[in-house]
Amino acid sequence: MTPVVKSLFTDLAMEITNDAMQIHGDMDIQKTKELSNYIEIIELPQFTKEQIQFKQLI
Amino acid sequence: MPSYTAPVEDMLFLFEKLRDNKNYNELKKYDEVTTDLVKDILDEAAKINQNLILPLAKIGDENPAVLENGVVRTPPGYKEAYQKYIEDGWTSLSCDPKFGGQGMPKTVSAFFDEMLSSASLSFKLYSELSIGAYNCINHHAPEEIKEKYLPKIVEGKWSGTMCLTEPVCGTDLGLLKTKAVQQSDGTYKISGQKIFITSGDHDLTENIIHLVLARSTDSPAGTKGISLFLVPKFIVNDDGTVGQRNGISTGSIESKMGIKGSATCVLNFDEATGYMIGSKDKGLNAMFTMMNLERIVVGIQGLGISEIAYQNSLAYAKERKQGKTNNTKSTNGADFIIEHADIRKSLLNMKSIIEGERALCFWLSQQTEVSLIIQMIKLNRKLLIMFR
């Protein structure tokens, strides 16, 4: 178990410190913004329409 | 400068909720270690780490350890901090009271290790291997060596290292070339080169005890011919005082991207006097006592670094304003980035992994303690049978 902990925690520390750096770079905000724009402007009406059609089929 | 607040409440939660472990309870060794006592220890540990050790991280990064005229100089402030660190008895936390230790469980020292890793990993590495060396000597060395070396290691006046890797071998220790030649007085002359030795040389302690893997001249090739030797930087006199310099010199120190305050050394052994630890050709078994403990501590380093990275990114996310969220309530055009869904997801992911890691470390520290004590009991039984 000790080698597993050594290796796993070291790998996870790499991931966590990388995420911490990305937070300092505001990276995920852009991703969320783009996604929300995509849903609001383009995809959401189509999705709603298809959803209605799907419900009618049922 | 990064900020750090030791997660004492989370640690106490684990101590209260996870300490009830069947094998561990059977040891009956730590029944007197109450939650109140552990809280007092962790509160003091938090103070020294937050106030004294944390500033050393930046100092160590800006002023790396250097090799001057064959001697390693640690960054400014390390000596004073180390003096306070040993005066307060932090090196002896989980050591046996027989050698001057405080007899605390390894679970408590694991919590302290995490705090120290978060505060300054470079500083931590100067004392980290001492505890591994202590455990290895305590489990495998003869009584006279224990009595001569352990009290000083426990006190922190002497430190320890683990010398395995060579230019030709690392993971595959069967290729090891360092040789040990037996002398008429029972000691050995050790010759060879060891690389990547953490805290191989420094100016914080008056002596450094190297635990070196080497091959005796009449031993077979491969891993079955490796023995373990105790090789002090300065020969220790019979009265326990530090004597003349042993045949060990520092060739160079590694230039690293991180932990620059810690000296990672190339050590040259030139007919250095060494004392065998454990049985001949069974050096790897003895070294694994040290390695198994060090592996957990290296895992804890990852945990400590993760914790301080999480704390600082959380603080930043609460003060940095960028973009608008879908449910914005902001009137001046931007929300705190912690309001953004993906930032929250990242932070929660970090937090949950860290808490899981801490719990696993706690459990593993308990299991290690059980296994070490059971090993000792078995060894004592064997000795009793042999001398009956």
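In chain B, strand β4 (residues 179-182) runs parallel to β6(B), and 2 bridges join them. Here Lys179(B) has Arg215(B) as its bridge partner in β6(B). Two strands count as paired when DSSP finds at least two bridges between them. Helices (H or I, at least four residues) and strands (E, at least two) are DSSP runs, numbered from the N terminus.

Strand β3 (residues 158-163) of chain B also runs parallel to β6(B), this time with 6 bridges. As for β6 itself (residues 207-216), 10 of its 10 residues are buried, so the strand is largely enclosed by the rest of the structure. Buried means under 20% relative accessible area, exposed means over 50%, and partly exposed is in between (1.4 Å probe, protein chains only).

## What you're looking at

This is a predicted model, where local features need pLDDT of at least 70 and side-chain atom pairs count only at pLDDT 80 or more, while totals for chains, interfaces and linings use all residues. Residues are numbered from 1 along each chain as its sequence is written, chains are lettered from A and ligands numbered from 1 in the order in which they are written, and side-chain values use heavy atoms, with hydrogens and water left out.

## The cavities

The count comes to 3 cavities of 30 Å³ or more. A cavity is a set of points, on a 1 Å grid over the protein atoms alone, where a 1.4 Å probe fits but cannot get out; lining residues have an atom within 4 Å of a point. Grid points are joined across faces, edges and corners, and a volume is the space filled by probe spheres set on the points.

The largest cavity has a volume of about 350 Å³. It has 24 lining residues, and the closest to its centre are Ser94(B), Ser109(B), Asp113(B), Ile131(B) and Val297(B). Helices α5 (106-119), α6 (121-140), α8 (283-319) and α9 (341-386) of chain B each put at least two residues into that lining. By type, the lining splits into 11 nonpolar, 8 polar and 5 charged residues.

Two or more of the lining residues come from each of α5, α8 and α9 of chain B. This lining has 6 nonpolar residues, no polar ones and 2 charged.

## Thr107 in helix α5

Thr107(B) belongs to helix α5 of chain B. Is it buried or exposed? Thr107(B) is buried, at a relative accessible area of 1%. Leaving out residues up to four places away in sequence, Thr107(B) touches Phe15(B), Tyr24(B), Phe362(B), Ser365(B) and Gln366(B). Contact here means heavy atoms within 4.5 Å.

## Two loop residues with positive phi

Most residues other than glycine have a negative phi. Ser199(B) has a positive phi, near 55°, and lies in the loop between β5 (188-198) and β6 of chain B. Ser199(B) is buried, at 0% relative accessibility.

Ile259(B) also has a positive phi, about 30°. Its place is the loop between β10 (248-253) and β11 (264-277) of chain B, and Ile259(B) is partly exposed, with a relative accessible area of 33%.

Notes. On a 1 Å grid over the protein atoms alone, a cavity is a set of points where a 1.4 Å probe fits but cannot get out, and a pocket is an open set with protein on both sides within 12 Å along at least five of seven lines; lining residues have an atom within 4 Å of a point. Ala, Val, Leu, Ile, Met, Phe, Trp, Tyr, Cys and Pro count as nonpolar, Asp, Glu, Lys and Arg as charged, and the others, Gly among them, as polar.
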